[in-house]
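Reader: Hey, I'm opening this one for the first time. Can you walk me through it?
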Amino acid sequence: MMGSSAAIRRLRLQVQRIGPHFRTVLVKGETGTEKELVARALHDRSRDGKVPFLSCRAAIFEGDLAELDQNAGLNDAVHRLAERSQRATLFLDEIGEMPLKAQGRLLNLLKQHDSAPNRVDVPKRMEQRIDLRVIASTSQDLRIPVSIGRFRHELYQRLATVEITVPPLRERIDDLDELVQYFLGRFALLYDRRFSDIPEDAMEQMRRCRWPGNMRELESVLRDGVLQSNGGLLQLHMPMLTGQEKPELPAPGANESVKLQDVLEQHVIRVLKDCKGNKLRAAEMLGISRSTLYRVLDTGASGK
């Protein structure tokens, strides 16, 4: 968690205070704010930071099986993960995308790990209690899916016992210079590229940018700039640096039947074209997850 802005200092302080003691944490923040980095910092601050850390996308859980990998159920995977240390940290990225049935399985798992080892309803394989800590991340306000029945209220209450909000890049713009130098140095070494400096007008343009894709978008811009460099000043000619265009709304009375969905689709398609079809980069620019981008595109296709 690089930087010295007030926002990032508050975040570090939260991690230092919560890390040694939490059982469950909900890490909130916009797309691209490096929520997994915060999760790993929490894990490292635990009393035993050497225990296993497993990171997975919550959306991979499907149906009744709620598989982690290679047809292994969630309970079995956690037990294999912690069979030596009897401890584990499980990070579930974008928990709001987890299917309802898988949410129920996760809730049962949390209840089991809260159970006393000698309870008769605890499986024999769990008689030796595992110290399981769960960190979940979300880029949406989970209270909305909870209110419409798409996210289990009890699971939300358990996960949100402790909440940490990761600030977007636009709220820590004082860290931009340090972040730019870090990424440029890293990519120059990684790709063996040379450049003399970055133009001040490019830096000023980056300071004015709202960065809807946050750190992930900044990293992508600088990586591409380094890859395209051929010595001399580093040039950053990326669409996402030329300003964040708003979708063009029709003039009043021009088409009274226009739908918000149509305007949204037009904007998404425009951004996708700017990114030359790269859906991951388009999602970063729009500040949404890739699965949300797919849903918008699928809705538009099915409606035509």
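Reader: Let's start with Trp211: buried or exposed?
Author: Trp211 is buried, at a relative accessible area of 0%. Buried means under 20% relative accessible area, exposed over 50% and partly exposed in between, with a 1.4 Å probe and protein chains only. Before going on: this is a predicted model, where local features need pLDDT of at least 70, side-chain atom pairs count only at pLDDT 80 or more, and totals for chains, interfaces and linings use all residues. Residues are numbered from 1 along each chain as its sequence is written, and side-chain values use heavy atoms, leaving out hydrogens and water.

Reader: Ok, and where is Trp211?
Author: In the loop between helix 8 and helix 9 (214-227). Helices (H or I, at least four residues) and strands (E, at least two) are DSSP runs, numbered from the N terminus. Trp211 has a positive phi, near 50°, and is a residue other than glycine.

Reader: What about Asp192, buried or exposed?
Author: Asp192 is exposed, with a relative accessible area of 56%. Its phi is positive too, about 55°, although Asp192 is not a glycine. You'll find Asp192 in the loop between helix 7 (176-191) and helix 8 (200-208).

Reader: Switching topic: in what order do the strands sit in the sheet?
Author: The order is 2-3-4-1-5, an open sheet of five strands with parallel pairing. Two strands pair if DSSP finds at least two bridges between them.

Reader: Which strands are at the edges?
Author: Strand 2 and strand 5 (163-165); each has a single partner strand, so one side of each has no neighbour in the sheet.

Reader: And how many bridges join strand 2 to strand 3?
Author: Five, and the two strands run parallel. Phe53 stands opposite Thr89 in strand 3.

Reader: How many aromatic pairs are there?
Author: Searching the whole structure gives four. Rings of Phe, Tyr and Trp (its six-membered ring) pair if their centres lie within 6.5 Å; planes under 30 degrees apart count as stacked, over 60 as edge-to-face and the rest as tilted.

Reader: Why is the pair of Phe53 and Phe91 called stacked?
Author: Because their planes are at 15°, with ring centres 6.3 Å apart. The pair links distant parts of the chain, 38 residues apart: Phe53 is in strand 2 (residues 53-57) and Phe91 in strand 3 (residues 87-93).

Reader: Is Phe53 buried or exposed?
Author: Phe53 counts as buried at 18% relative accessibility, and Phe91 is buried at a relative accessible area of 0%.

Reader: Which residues form an aromatic cluster?
Author: Tyr182, Phe183, Phe187 and Tyr191 form one.
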